[in-house]
Amino acid sequence: MTLYEDLQWRGLIKDVSTPKLQEILDNQKITFYWGTDPSADSLHLGHYSSLVTAKRLSNYGHHPILLIGGSTGLIGDPRPTAEREIISKEAVMKNAEGIKEQVDKIFKGKAKIVNNYDWTKNVTLLDFLRDIGKYINVNYMLDKDIIKRRLETGITYAEFSYTLLQGFDFLKLFEQENCVLQAEGSDQWGNITTGIELIKKITGKEAYGFTMPLILDKNGKKFGKSEGNALWLDINKTSAYELYQYLVNTDDELVIDYLKVFTFLTKEEIENINKEQKEHPESRIAQKELAKQIITDIHGENEYLHAKEVSECLFTGKVSNLTDQEIETVFKGVPTFSYKNIPLIELLVENKITSSKREAREFLAAHAITINGEVIEEENYLLPDKKYNIIRRGKKKYFLITKDL
């Protein structure tokens, strides 16, 4: 299977600037770029889908450039509904450094990383208007989908000019790095074509672009912080365990598509997983393989194995094996109550873990209450005097009892 056929099979090509792209990707070795603005100090899983595509092109011999938008991040790409919040220059530059480290780690130092602030910081407004603005017609800009959608509610001149800035990036990389291709998510198509147009008018040469469909979650929303469902690549913001839990709970109807997009498994490997998944859906083999591939690529095998081990401890109820730090990660967000040295039956009712003493006794008699993984039947049982105690009611309902030591 050729690279282009592989990209098509994985559903990674939405828009293309020219039919020649297939021949170029399959028979030449070119320099291409993907970019992102540093609007946060970490990339998220939505970005990762594009990074994987960039790595895929790199594995076929193409040369990747990863652009961090230090200058464009100061303006903000127009959103469909409202203007982005302006971020301070200090925050943007700090975010850029964090993202650079993440990208460098994912690509194992094999990708060239650039910051567009380096070639825009000394360009004056007059220079930009003369050298760039004169080549792009306002009617051409108004025809961009994202700008059209904002005209009714209003769009600032800064946002309106964003497509020129990104086009300028493509021109600079074309001139300085012989970069002839830009690959982005489908929401960047208008900006890609602006760059192609600039290159054609200023140099008389041809550049290319293609977009990838935006990856959506089970609710039809894209992965991203603006949607409030960000899964960060920074392990301190989203732990490997949290990422593991999200991925192993991927809907069956989405998981095969995710394997195509997010992993480097071959067509044959994915088809075999799909076959086994259909025959034994309870095994969740596809979801587990998805978690393994993504976490290992982002954080390494040790973090994947640790996340898997912690998950298995939780599934089997062997929570006594967890460290305090693991408990804080695993049980973040579960109902949490303060420790009291009172009989268990009173603690269950007082914290509304059960609705009444009668219900509490029924759970205890049915062996449906565990403390730190141990079944407890005694209603006058006292919790151990320690920082964390974990109560499980039934098979899945957890509660955390904390004590300041």
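1. Helix α13 (residues 240–248) packs against helix α16 (residues 285–299) at an angle of about 150°, and their axes lie 8 Å apart. Axes here are lines fitted to C-alpha atoms over the stretch in contact, with angles running from 0 to 180 degrees between N-to-C directions, while helices are DSSP runs of H or I with at least four residues, and strands are runs of E with at least two, numbered from the N terminus.

2. This is a predicted model, in which local features need pLDDT of at least 70 and side-chain atom pairs count only at pLDDT 80 or more. Residues are numbered from 1 along each chain as its sequence is written, and side-chain values use heavy atoms, leaving out hydrogens and water.

3. Because angles over 145 degrees count as roughly antiparallel, α13 and α16 are described as roughly antiparallel to each other.

4. In the contact (heavy atoms within 4.5 Å), α13 contributes Ala-240, Leu-243, Tyr-244, Leu-247 and Val-248, which meet residues of α16 including Leu-290, Ala-291, Ile-294, Ile-295 and Ile-298.

5. Most residues other than glycine have a negative phi. Asn-178, although not a glycine, has a positive phi of about 55°, and it lies in the loop between α11 (162–177) and β4 (179–185). With 55% relative accessibility, Asn-178 counts as exposed (over 50% relative accessible area, with a 1.4 Å probe and protein chains only).

6. Asn-372 also has a positive phi of about 55° without being a glycine, and its place is the loop between β7 (369–371) and β8 (374–375). Asn-372 has a relative accessible area of 13% and is buried (under 20%).

Key
Angles under 35 degrees count as roughly parallel, over 145 as roughly antiparallel, 65 to 115 as roughly perpendicular and the rest as oblique.
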